[in-house]
Every structure is written in C-alpha cells, then in structure tokens.
Amino acid sequence: MDTYFISHGDPMAGIDESFAVRELLKSWRKQTLRHVPKSILVVSGHWETSDPTVNIVSGPNPTIHDFNRRPERHGLFQIQYPAPGAPKLAKRVKELLIKSGFNNVNEDESRGLDHGAWIPLMFMYPEANIPVCQLSVQPQLDGAHHFNMGRALCPLREEGVLIIGSGAATHNLDIVGPVDGPILPWAFEFDAWLKDCLLNGRYEDVNDYEEKAPHAKIAHPWPDHLYPLHVALGAAGEEAKAELIHHSWQDASLSYASYRFITKK
C-alpha cells in the first residue's frame, strides 16, 4: 500500500465545485487507488497535541465542524461523515509507536474526524463504510520527529491500511492574493523547492525544511499543515519514490500540491 499526502485546503472545497482538488478526490478509486483499504489512518494538521494521540472510537466517528461559521459555509454544517471508528487500528498505531521509542502515546475516546479527514474522505469514499482513525501532530517538535513517527508505522502498509497525511503544501492564511492573481513569489518558490526535494529523493532536506527551504516561515508560519507530509513520507519506508498527483492554487498563495509516496516492492 502506497502512502499519500493530500493538500485539503479550504473547507469550502466540500461544497464549492470550483475547487480543482475535488477532481483528484472524486476520481480517487478510478485513477489513484483502485484497491479498497481495510481501514484508514489520517494524520491531519487540524489535530495538535503535545504527545502523539490516537482517537479510539467504537461506533461511528463524530463529524467535527472545526471552522468558523460564515453564511457561505452553512451547507458544510449540514454534512455528516459517520465512518466507523477503527479502535483496533488505533491500538495498533499506539503499539507500533511505543515499540519504536515513542514512550508517551495517548488515547482519545471522544474525538471524531476533523475536516482535514472528513472533507477528503467524503469524496474518496462517500459511502463512509471504511473504518477510520486519526493520529495527531506535535507542532512544537520538528519534521524529523514526524518522519520517524511515520517510519514506525510502516508495517501498517502490509496490513491493508491506507495512510493519508492531510495538510497543505503552503499554508499562510494571512497572506493571500486575488483569486485570479499571479502566484505570490514566496509561495511559488517554496512549493517548487518542496516538489524538487520530493521528486529527487532529498528527504533529509524536507525534514529540515525550516533551515533549508526558501521562505519557510512565510509558507508555514506554524508547521501543523506540513507535518502530515512528513508522517506519510516516513511511512512509505526505505527507498520510497514521490509522485505529484495533483497541483492547483487558491488565492494566489495556497498550494494544493498532493503526492503519492510509492513504496519499494
């Protein structure tokens, strides 16, 4: 099973058909992954904790509408994605992390799916019948921590688990441009650097992006939306190859670059 990083972007992608990333998600089973996974692990930039944490839900996952109420978002609050929880997978994730030296791994028995999980999944698997659990990110730590967290989860690929990192290739909501304007230079340069590193296997540079990447602190003032990429990349295992599977822009600075990490067969 390959691993994936999806730039989920604005929650409005859930109801606004103008978002190009919807085509990637809606065609997922036909063009990206025809094999139906046994369960899904989502690492979302919208769940931050001090230590790695898994959500252990025995029944349907609650749908978390974790964004501000605005008139144009009214339809989003009507959407439910009641995918079953994946408590066995959550326990397995915890087991693998502890085995790899992550001594403090917590459980959350009440948290459901945030929009970094349910908005992509509602297009990818609209039946909401595949068990899903989430793993949190630790934004106070670094890319190597998250890469190693992913590396600990490599065995899940052989167990029918689809591992998705859900975040954004660039994520600075304070600096955006007009919808049809040119891409802002700092966003273009960071996005191009990330693509070049991934496609050419310079994964150590990606782990150390805050020092190596151009405009790192502008592209990601807070690292929560990039760390899911590190987890997905680490989980792909040794000698994984990156493939760009989607690219589009929003508001002149938000990159929707999404990647498949092809595992060594």
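A salt bridge here is a side-chain nitrogen of Lys or Arg within 4 Å of a carboxyl oxygen of Asp or Glu. Side chains of opposite charge can pair when their charged atoms come close. This structure holds twelve salt bridges.

A quick word on the model. It is predicted, so local features need pLDDT of at least 70 and side-chain atom pairs count only at pLDDT 80 or more, while totals for chains, interfaces and linings use all residues. Residues are numbered from 1 along each chain as its sequence is written, and side-chain values use heavy atoms, with hydrogens and water left out.

| Salt bridge | Closest N and O atoms |
|---|---|
| Arg151 and Glu238 | 3.2 Å |
| Arg202 and Asp205 | 3.1 Å |
| Lys212 and Asp205 | 3.1 Å |

Let's start with Arg151 and Glu238, which form a salt bridge. This pair links distant parts of the chain, 87 residues apart: Arg151 is in helix 5 (residues 143-152), and Glu238 is in the loop between helix 10 (227-235) and strand 7 (241-246). Helices (H or I, at least four residues) and strands (E, at least two) are DSSP runs, numbered from the N terminus.

How open are these residues? Buried means under 20% relative accessible area, exposed over 50%, and partly exposed in between (1.4 Å probe, protein chains only). Glu238, at 56%, is therefore exposed, and Arg151, at 25%, counts as partly exposed.

Now for Asp205, which is buried because its relative accessible area is 19%. One of its partners, Lys212, is partly exposed at 44%. Salt bridges that share partners join Asp196, Arg202, Asp205 and Lys212 into one network.
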